[in-house]
Amino acid sequence: CREVCKNEYIIPLTQELKDLYEDEAMRHSLRSIQTLSIMPQMTMTEIDEKVENIRNLSSPFFPLQVVKDFSMDALEEAVRINQVHNRDPIGGSNENLFVPLLKLVDKLLMVGIIHDEDLARVLIMVDPQTWDPEKVKGKSINVV
């Protein structure tokens, strides 16, 4: 059901939302308004030796927080390493390095493990000129 609902969004066009985007400084802001999801919540069952009732089973427990931490750190490291020109990128090409990590982050976002702070980190990695509030517009930072 989550896979079917992943491209469905309900955006209430309230006066609060319109007022928020009237301000030029807020156009690319990560400020969020309270949201509600209609997607079903993911449930997990602890792994047990003996199962009493098969109807109560759901997906086996998997530490998704560990996967999120690893994938965010790996993506951050990949961006940091590939900011300078290198002849032999990890995985043979930038596509082999970034696409699997971005697909994993996308799936974690779909199941609700990625939160606003994590999404802000990803957007800053993708385009720091637009999304990093600490980066001064028009100035470039030299990467060592």
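**Legends to the close-up views**

Residues 24 or more positions apart account for 52% of those contacts in the protein that have a separation of 6 or more; a contact means heavy atoms within 4.5 Å. The model is predicted, so local features need pLDDT of at least 70 and side-chain atom pairs count only at pLDDT 80 or more, while totals for chains, interfaces and linings use all residues. Residues are numbered from 1 along each chain as its sequence is written, and side-chain values use heavy atoms, with hydrogens and water left out.

**View 1. The whole protein has six helices and two strands.** Helices (H or I, at least four residues) and strands (E, at least two) are DSSP runs, numbered from the N terminus. Read from the N terminus on, the order of the elements is α-α-β-β-α-α-α-α. The protein has 144 residues, and 23% of them are buried. Buried means under 20% relative accessible area, exposed means over 50%, and partly exposed lies in between (1.4 Å probe, protein chains only). The accessible surface is about 11,800 Å², and carbon and sulfur atoms hold 56% of this surface. Such areas come from the Shrake-Rupley method with a 1.4 Å probe; for residues, only the protein chains shown count as cover.

**View 2. The largest nonpolar core holds 17 residues.** A nonpolar core is a set of buried Ala, Val, Leu, Ile, Met, Phe, Trp, Tyr and Cys residues joined through side-chain atoms within 4.5 Å. Met72, Leu75, Phe98, Val105, Leu108, Val122 and Met125 have the most contacts inside this core. Two or more residues come from each of H3, helix H4 (94-110) and helix H5 (116-126). H3 gives the largest share, seven residues. Which residues does Leu75 touch, leaving aside its neighbours within four places in sequence? Leu75 is in contact with Phe98, Leu101, Leu102, Val105, Val122 and Met125.

**View 3. Ser71 is placed in helix H3.** Is Ser71 buried or exposed? Ser71 counts as buried because its relative accessibility is 0%. With neighbours within four places in sequence left aside, Ser71 is in contact with Leu101, Leu104, Val105 and Leu108.

**View 4. Helix H4 has 17 residues.** At 1.5 Å a residue, H4 should span 24 Å, and this agrees with its end C-alpha atoms, which are 24 Å apart. The expected span is 1.5 Å times one less than the number of residues in the helix. Leu97, Phe98, Leu101, Val105, Leu108 and Met110 are the buried residues of H4. An α-helix has 3.6 residues a turn, so residues three or four places apart point the same way. After H4 comes Gly112, which has a positive phi near 90°.

**View 5. Helix H5 packs its buried residues against H3, H4 and helix H6 (128-131).** The buried residues in H5 are Asp118, Ala120, Val122 and Met125. Asp118 also forms a salt bridge with Lys68, with the closest N and O atoms 3.0 Å apart. This pair links distant parts of the chain, since Asp118 is in helix H5 and Lys68 in helix H3, 50 residues apart. A salt bridge is a side-chain nitrogen of Lys or Arg within 4 Å of a carboxyl oxygen of Asp or Glu. Asp118 counts as buried because its relative accessibility is 8%, and Lys68 counts as buried because its relative accessibility is 7%.

**View 6. Asp73, Glu76 and Arg121 are linked in a network of salt bridges.** Side chains of opposite charge can pair when their charged atoms come close. Asp73 in helix H3 and Arg121 in helix H5 are 48 residues apart, and the pair links distant parts of the chain. Asp73 is partly exposed because its relative accessible area is 44%; Arg121 is partly exposed because its value is 28%.

**View 7. Lys50 and Glu52 meet in a salt bridge through their side chains.** The N to O distance is 3.9 Å. Both Lys50 and Glu52 are exposed. How many salt bridges does a search of the whole structure find? The search finds four.

**View 8. Met42, Met44, Phe61 and Phe62 make a nonpolar surface patch of about 360 Å².** Patches are made of residues with over 30% relative accessible area and no salt bridge; like charges are joined within 9 Å, and nonpolar side chains (Val, Leu, Ile, Met, Phe, Trp, Tyr) within 5 Å. Phe61 lies in the loop between strand E2 (59-60) and helix H3 (64-81). Phe61 counts as partly exposed because its relative accessibility is 41%.
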